[in-house]
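Please consult the sequence and the structure shown here before reading the briefing that follows.

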Amino acid sequence: MAIDFRLIWEKLPFLLGGAWTTFSLTCVSMVFATVAGLIVGLLNMFGGRVLGTITRVYIEAVRGTPALLLILIVYYALPRFGLNFPQFPAAAVSLAVCYAAYIAEVFRSAVESIPMGQTEAAYSLGMSRLQSLRYIILPQTFRRVLPPLANEFAALIKDTSLVAFISMEDLLFRSKMVSAATYDYFSPLVGAALIYLVMTLPIMQWSRSLEKKVD
Amino acid sequence: MADEKTCSTGRILDVVDLHKSFGTLEVIKGVSFGLDHKERLVLMGPSGSGKSTLVRCLNWIEPPTSGRIVFDGQEVQAGACDIRKLREDIGMVFQQFNVFPHLTALQNVALGPIVVKKLPRADAEAEARELLAKVGLAHRADHKPGQMSGGEQQRVAIARALAMHPKLMLFDEPTSSIDVELIREVLDVMVKLADEGMTMIVVTHEMGFAKEVADRVIFMDRGLIIETGTPAEVFEHPQQERTQNFLSKVHLA
């Protein structure tokens with residue numbers, strides 16, 4: 001079966017519309033996931049026993065279940081409890097809840113990679129734990145956290161394709177729509193793959209160059 | 001002002017029967033000593049003797065397991081006194097420098113006064129420049145630690161500790177991680193501090209420095225003080241066999 005590039009070209013505006021949904025959903029989810037992930041990560045490390053346990057349970061529960069499950073629960077199950085989300089917010093909330101757990105672990109490992117001596121030096125100047133976090137540990141963490149965060153961003157772009165299960169017209173869903181309409185089950189998917197790569201490759205490249213700078 | 005007053009009282013530090021265990025391992029097994037204002041004490045001993053742990057206990061970076069510490073007339077007890085206030089008054093210089101890599105030399109020195117003492121930034125930075133000049137690093141003020149040699153980083157660390165105007169300076173093997181040819185520049189700064197009347201406790205194997213600066217040498221082994229005296233007494237007429245053994249090895253090195 002040959003790739004019908006003419007068809008891809010013809011349907012490109014339609015596919016790009018789907019890619020815009022994919023991209024905007026990724027960005028919105030990522031912003032919430034990063035903020036929540038930072039908070040969860042800090043509570044996990046410094047929140048004491050109770051908050052530490054709660055956040056640990058959350059992180060492990062999310063990491064041990066498929067993201068798709070979370071999306072289906074939020075979109076199909078929560079309305080029964082009176083929580084009605086439209087498609088986009090439902091998808092964004094699910095993905096943010098899911099990625100916040102991953103990102104919490106990113107922050108935790110970054111903080112743990114800062115040598116103990118940095119905290120000791122901060123304490124020896126009379127700083128409180130909060131001050132040493134604010135002025136010494138976190139500023140050093142943010143550099144180390146950027147490359148893995150960029151990787152999470154690229155992974156999230158791909159995972160947004162799960163929203164096809166709740167009939168959101170993202171890039172993957174629209175390429176399947178083209179397939180259904182033209183009986184070409186190959187070319188539109190190739191087109192979608194190329195558009196995904198255009199989005200993810202630069203980010204992964206950027207992440208690698210950041211990693212080199214950090215070293 | 002306040003310094004002059006406390007100075008006349010003589011004593012700055014009393015350590016009584018200090019113990020420190022990590023789990024079941026007892027690293028310090030009952031150490032007592034005192035320190036007067038402006039006194040320079042050198043702590044020596046083989047690795048694993050507990051000397052580093054001892055100085056780390058003094059500012060509560062390692063909380064002692066039991067025993068008393070009285071600093072500047074105040075009993076130090078976690079909870080019963082403000083450990084942070086104590087740390088403001090005790091400067092510490094680490095073996096691994098522990099300078100802040102994301103900050104310039106100037107910011108490293110100014111940060112403590114700005115954050116802890118709430119000094120205005122301009123004042124703190126002006127004083128930080130003076131301190132960097134004092135340790136011979138005026139020209140490196142805007143460099144980050146990554147661009148500096150070990151000797152330079154350690155001098156930044158000394159300036160950083162001095163910026164808090166400590167009443168006592170602790171040095172935990174300050175030259176052990178520094179290239180041989182750069183050790184002198186760090187020791188010179190420490191000698192200068194001693195000459196200005198800084199009260200200091202120095203963990204070091206630098207015999208030359210000890211002879212030049214120390215009022216008293218304490219020799220530790222296996223968590224206990226086994227010998228104490230002036231540098232001349234301890235180095236030239238060590239009473240204990242373990243001290244003699246250790247000194248002969250250091251002399252060879």
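**Strands, helices and the chain interface**

Strand S6 of chain B and strand S7 (residues 168–172) of chain B pair in the parallel sense over four bridges. Strands (E, at least two residues) and helices (H or I, at least four residues) are DSSP runs numbered from the N terminus, and two strands pair if DSSP finds at least two bridges between them. The model is a predicted one, in which local features need pLDDT of at least 70 and side-chain atom pairs count only at pLDDT 80 or more, whereas totals for chains, interfaces and linings use all residues. Residues are numbered from 1 along each chain as its sequence is written, chains are lettered from A and ligands numbered from 1 in the order in which they are written, and side-chain values use heavy atoms, with hydrogens and water left out.

**Six-stranded sheet of chain B**

- S6(B) and S7(B) belong to an open sheet of six strands, ordered S6-S7-S8-S3-S9-S10, in which the pairing is mixed.
- The edges of this sheet are strand S6 (90–93) and strand S10 (224–229) of chain B, each of which pairs on one side only.
- On average, neighbouring strands of this sheet are turned by 20 degrees against each other, direction ignored; axes are lines fitted to C-alpha atoms (for helices over the stretch in contact), and angles run from 0 to 180 degrees between N-to-C directions.
- Helix H6 (residues 150–162) of chain B lies across S6 and S7 of chain B and runs at about 170 degrees to S6(B).

**Four-stranded sheet of chain B**

- A further open sheet in chain B has four strands in the order S2-S1-S4-S5, with antiparallel pairing.
- Strand S2 (25–36) and strand S5 (74–76) of chain B are at the edges and have a single partner strand each, so one side of each is left without a neighbour in the sheet.
- Strand S4 (residues 66–71) of chain B pairs with S5(B) in the antiparallel sense over three bridges, and Phe71(B) stands opposite Gln74(B) in S5(B).
- Helix H2 (residues 51–58) of chain B packs on this sheet and touches strand S1 (11–22), S2 and S4 of chain B; contact means heavy atoms within 4.5 Å.

**Interface between chains A and B**

- Contact between the chains involves 17 residues of chain A and 22 residues of chain B.
- The area buried between chain A and chain B is about 1,700 Å², and carbon and sulfur atoms give 63% of it; buried area is the accessible area (1.4 Å probe) that two parts lose on being put together, summed over both.
- Glu120(A), Ser124(A) and Leu125(A) supply 34% of the area that chain A buries against chain B, more than any other three residues.
- The count between the chains is one salt bridge, a side-chain nitrogen of Lys or Arg within 4 Å of a carboxyl oxygen of Asp or Glu.
- Glu120(A) forms a salt bridge with Arg56(B), with the closest N and O atoms 2.8 Å apart.
- Helix H6 (116–124) and helix H7 (129–159) of chain A each supply at least two residues of the side that touches chain B, and H6(A) gives the most, with seven residues.

**Salt bridges elsewhere**

- Over all chains, the whole structure holds 28 salt bridges.
- Arg56(A) and Glu60(A) meet through their side chains in a salt bridge (2.6 Å, N to O).
- Arg56(A) and Glu60(A) are separated by about one helical turn because they are four residues apart in helix H3 (residues 48–63) of chain A.
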